[in-house]
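Dear colleague,

I am handing over the structure below, and I would be glad if you read the notes that follow with it open beside you.

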Amino acid sequence: MWRILIFISIVTPSYMATRKIADCRTMPSTKNCSLTIAGTEEEVLTVATRHAIEEHGHKDTPELREEVRSTLQDEK
Ligand SMILES: [Zn+2]
């Protein structure tokens with residue numbers, strides 16, 4: 001059995017195992033925004049932070065990035 005588990009962990013790329021989701025509905029926002037962004041943590045952070053700045057008028061700060069990171073959920 002352990003052989004099978006090891007095999008699966010080798011053939012399954014890590015980026016497929018741990019996709020993150022940023023759901024704009026869970027973020028404090030003045031807009032009624034239903035956008036959901038899914039991908040690796042870094043991808044989601046980059047896109048969601050840019051979205052928060054461009055669409056929601058947030059300031060581009062390291063704090064914003066951390067705030068976005070704290071709202072990320074694991075993909076079900
Ligand atoms: Zn949004």
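**Helices H3 and H4**

Helix H3 (residues 41-56) packs against helix H4 (residues 62-71) at an angle of about 120 degrees, and their axes lie 10 Å apart; axes here are lines fitted to C-alpha atoms, for helices over the stretch in contact, and angles run from 0 to 180 degrees between N-to-C directions. Helices (H or I, at least four residues) and strands (E, at least two) are DSSP runs, numbered from the N terminus. Please keep in mind that this is a predicted model, in which local features need pLDDT of at least 70 and side-chain atom pairs count only at pLDDT 80 or more, while totals for chains, interfaces and linings use all residues. Residues are numbered from 1 along each chain as its sequence is written.

Where the two helices meet, Leu 45, Ala 48, Thr 49 and Ala 52 of H3 are in contact with Leu 64, Arg 65, Val 68 and Arg 69 of H4 (contact means C-beta atoms, placed from the backbone, within 7 Å).

In H3, Val 44, Ala 48, Thr 49 and Ala 52 are buried (20 or more other C-beta atoms within 10 Å of a residue's own; exposed means 12 or fewer, and partly exposed lies in between). Seen down the axis of H3, these buried residues line one face of the helix, because they fall within an arc of 120 degrees, the arc being that of the directions from the helix axis to the C-beta atoms. Their cover includes strand E1 (20-23), strand E2 (36-39) and H4, whereas Glu 42 and Glu 54, on the other side of H3, are exposed.
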